[in-house]
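Trainee: Could you take me through one part of this model closely, namely a helix, the core it packs into and the sheet beside that core? I'd like every cut-off spelled out along the way.

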Amino acid sequence: MSRTALRICPLCEATCGLTLTIDDGRVTGARGDRDDVFSKGFICPKGAAFGAVDADPDRLRTPLVRVDGELREATWEEAFDAVAAGIRPVVERHGPHAVGIVLGNPNVHTMAGALYPPLLIAGLGTRSLFTASTLDQMPKHVSSGLLFGDAGLIPVPDLDRTDHLLLIGANPLESNGSLCTAPDFPGRLKALKARGGTLTVVDPRRTRTARLADRHLAVRPGTDALLLAAMAHTLFDEDLVDLGTCAPHVDGLAELAAALRDFTPEAVSAACDVDAATVRALARELAAAPTAAVYGRIGSCTVPHGTLASWLVDILNVLTGNLDRPGGALFPQAATDRTPRPAGPGHGFALGRWHSRVSRHPEAKGELPMSALAEEIDTPTDEGEPVRALIAVAANPVLSAPDGDRLDKALGSLDFMVSVDPYLNETSRHADVVLPPPPPAQSPHHDFAFNTLAVRNQVRYTRPAVPLEPGRMAETEILARLVLAATGGHGADPAVVDALAVDRTLGRAVKDPHSPVRGRDPKELAAHLTGGTGPERRLDMMLRLGPYGDGFGAEPDGLTLERLLAHPHGIDLGPLRPRLPQPLKTRSGKVELLPDPIAADLPRLRAALDERPGGLVLVGRRHLRSNNSWMHNVPALTGGSNRCTLHLHPDDAARLGVRDGLPVRVKAAGGEVTAPAEVTDAVRPGVVSLPHGWGHDRPGTRMRHAAADPGVNVNQLLDGSLLDPLSGNAVLNGVPVELAPLGAPVTGTAGAPT
């Protein structure tokens with residue numbers, strides 16, 4: 001019998017609404033939900049392949065436990081017994097920091113990944129936390145923390161109302177947007193141009209997004225911060241600074257002007273390979289536009305000056321009066337945000353509260369660099385205990401982090417490892433226990449993280465489209481049980497984890513002078529919560545306490561879970577609105593334009609003015625039909641343009657004797673890989689490009705389609721030593737490489753000629 005069900009797509013940051021066709025408990029089709037208040041029917045190839053992702057036969061169905069060196073199927077009880085027996089002795093003998101936690105990108109795409117890892121980290125008390133953020137976006141968190149006092153307070157471009165959009169290192173026509181949640185990003189860019197707006201793209205590759213632009217600037221990789229600094233300098237130099245309504249809320253304008261004095265367009269021109277007149281034109285166009293927004297993403301984050309580039313993106317928005325302005329860059333207000341407090345000074349944001357044991361990397365946002373994970377496991381020092389046990393949740397750092405070969409060996413040396421993962425992949429194959437979550441159709445969905453980055457305020461929630469299959473365990477229950485097993489509560493009812501979270505949250509809320517429930521009884525409030533599960537009760541609580549909530553009766557028309565369930569296509573909460581100074585949490589209560597850590601890092605950027613890297617440099621690239629290493633096991637999402645090939649310019653190919661389709665050896669500090677060449681003028685001369693997330697050729701995995709066409713791991717070219725010092729983010733772009741043609745077709749590698 002055929003039926004339909006609604007589901008929010010969890011496969012990228014666009015969070016599009018889907019209408020699933022279900023036959024006999026199986027997803028057989030997916031189309032865009034035309035009534036979705038946010039995505040309005042848009043769908044990309046990943047969403048269209050939802051059923052194939054859901055039904056992948058290589059997904060694990062039962063837990064695996066290592067017995068006599070081999071992973072064998074086990075019951076859930078046996079699996080969690082093994083987790084408790086493996087983790088607790090490490091904590092008791094060596095302390096909590098000897099247990100590392102690795103969180104992968106998919107965590108922010110699930111309810112379970114948002115709700116339970118914070119409880120696991122707090123319950124263990126470990127400082128050995130490593131996440132995908134330091135392979136991607138940590139510079140933006142750090143710059144936001146320093147500017148605004150809150151690492152999660154990230155302004156997003158007001159795509160639907162801006163007149164001028166400047167994209168730096170972003171390719172949303174392939175990525176669907178990142179740190180900017182926007183269904184149908186391509187359609188929004190086309191609408192910008194249709195209403196007479198201007199799109200400028202700065203990228204060393206002529207991406208699909210760049211081909212849509214009015215102006216494409218093929219900057220030298222890694223020089224984004226220099227270009228942005230020269231634009232800001234021009235605004236000061238030509239008296240184009242106009243803070244607009246933001247003026248009362250900023251501090252340090254004169255100091256900023258002095259700090260940028262050396263970054264003239266002429267000074268940066270040679271390093272960026274952009275003439276000074278073009279730099280000035282970019283600044284003037286930004287200042288002259290009725291409204292404008294600057295948006296930088298992964299290409300500007302995963303470089304040596306990633307935090308400075310991220311900071312300068314928002315500096316340009318401030319200096320042109322476009323921060324916190326309709327049509328500029330605004331701060332979203334998610335339905336599950338904390339109760340807004342009155343404007344005023346906050347606690348600020350601190351870096352380096354502790355350091356990694358081996359290389360002494362400072363923490364950022366409570367995390368250590370993922371690049372340091374291998375050495376934290378395999379290198380003894382007199383400074384504390386190495387990581388002896390690891391909990392990996394939806395993470396595959398053997399492919400996503402630098403020097404996967406070293407990390408691969410390090411994982412094999414652990415005393416114990418548990419992995420929460422639907423696949424036996426390059427990382428989870430090392431685990432002593434593998435806990436597989438169910439397919440996405442069997443899970444509820446609410447976007448806690450991405451709604452804080454959405455280009456329109458809205459709220460949506462979908463319950464599981466199909467019930468759990470026999471033998472499956474809900475991902476929320478898996479993580480709740482993992483929290484208990486790892487923190488000394490093994491055997492307790494997993495419902496106590498949610499109950500404890502509710503009690504703690506309500507206990508704080510009733511003491512908060514700005515809360516709508518101040519002075520009330522937490523138990524009385526908890527009795528009002530609705531929902532069929534602990535996670536739903538927690539969602540109901542967050543909605544009620546949030547900025548649009550009913551305040552547990554204080555606002556009768558406010559949001560609750562029951563009201564949200566009555567609107568299956570979501571509730572539109574309106575366009576982004578100016579919010580300053582209310583969300584600022586700096587010690588001054590203002591936007592602090594030149595924080596001390598930024599000022600201290602500027603001499604390093606000045607030194608880059610004289611750098612002229614010779615030879616070739618490597619950049620990454622995204623494919624529309626994949627998301628990191630997630631989906632290479634789904635036939636519908638591989639092949640075609642989604643291939644692991646090395647892009648290089650025809651001039652470089654001719655100079656090096658490289659022929660299209662034939663193998664090329666790529667060598668860098670971390671090692672070497674061989675991939676088929678794809679000669680194209682889509683990359684500028686001097687730049688080569690390999691996609692991220694490939695390299696599915698290690699033994700002991702169970703991903704048959706991915707292994708048949710494995711590609712190569714671009715991160716094996718990196719030795720992990722290159723980091724942005726402020727954020728600990730890995731430098732993945734602008735890395736020097738050497739090429740050598742091999743002259744014969746590559747076999748068994750993605751993109752090889754046939």
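Mentor: Happy to; here is that part, step by step.

This is a predicted model, in which local features need pLDDT of at least 70 and side-chain atom pairs count only at pLDDT 80 or more, while totals for chains, interfaces and linings use all residues. Residues are numbered from 1 along each chain as its sequence is written, and side-chain values use heavy atoms, leaving out hydrogens and water.

Let's begin with helix H24, residues 596-607. Helices (H or I, at least four residues) and strands (E, at least two) are DSSP runs, numbered from the N terminus. Ile598, Asp601, Leu602 and Leu605 of H24 are buried, where buried means under 20% relative accessible area, exposed over 50% and partly exposed in between (1.4 Å probe, protein chains only). Seen down the axis of H24, these buried residues fall within an arc of 135 degrees, so they line one face of the helix; the arc is that of the directions from the helix axis to the C-beta atoms. Asp596 and Ala600, on the other side of H24, are exposed. The buried residues of H24 pack against H6 (138-148), H10 (224-237), H11 (253-259) and H15 (306-319), with contact meaning heavy atoms within 4.5 Å.

Now for the core. A nonpolar core is a set of buried Ala, Val, Leu, Ile, Met, Phe, Trp, Tyr and Cys residues joined through side-chain atoms within 4.5 Å. The largest one has 60 residues, of which Leu226, Met231, Trp311, Ile315 and Val591 touch the most other members. Elements giving two or more residues to this core include H24, H10, H13 (276-288) and strand E9 (164-168). Met231 touches Leu166, Val279, Leu282, Ala283, Leu286 and Leu316, not counting residues up to four places away in sequence.

E9 leads us to the sheet. Its four strands form an open sheet in the order E11-E10-E9-E13, with parallel pairing; two strands pair if DSSP finds at least two bridges between them. E11 (215-217) and E13 (293-296) stand at the edges with a single partner strand each, so one side of each is left without a neighbour in the sheet. The twist averages 15 degrees from one strand to the next, with axes fitted to C-alpha atoms, for helices over the stretch in contact, and angles running from 0 to 180 degrees between N-to-C directions. Three bridges join E10 (198-202) to E11, and Thr200 stands opposite Arg215 in E11. H13 packs on this sheet, touching E9, E10, E11 and E13, and its direction makes about 135 degrees with that of E11.
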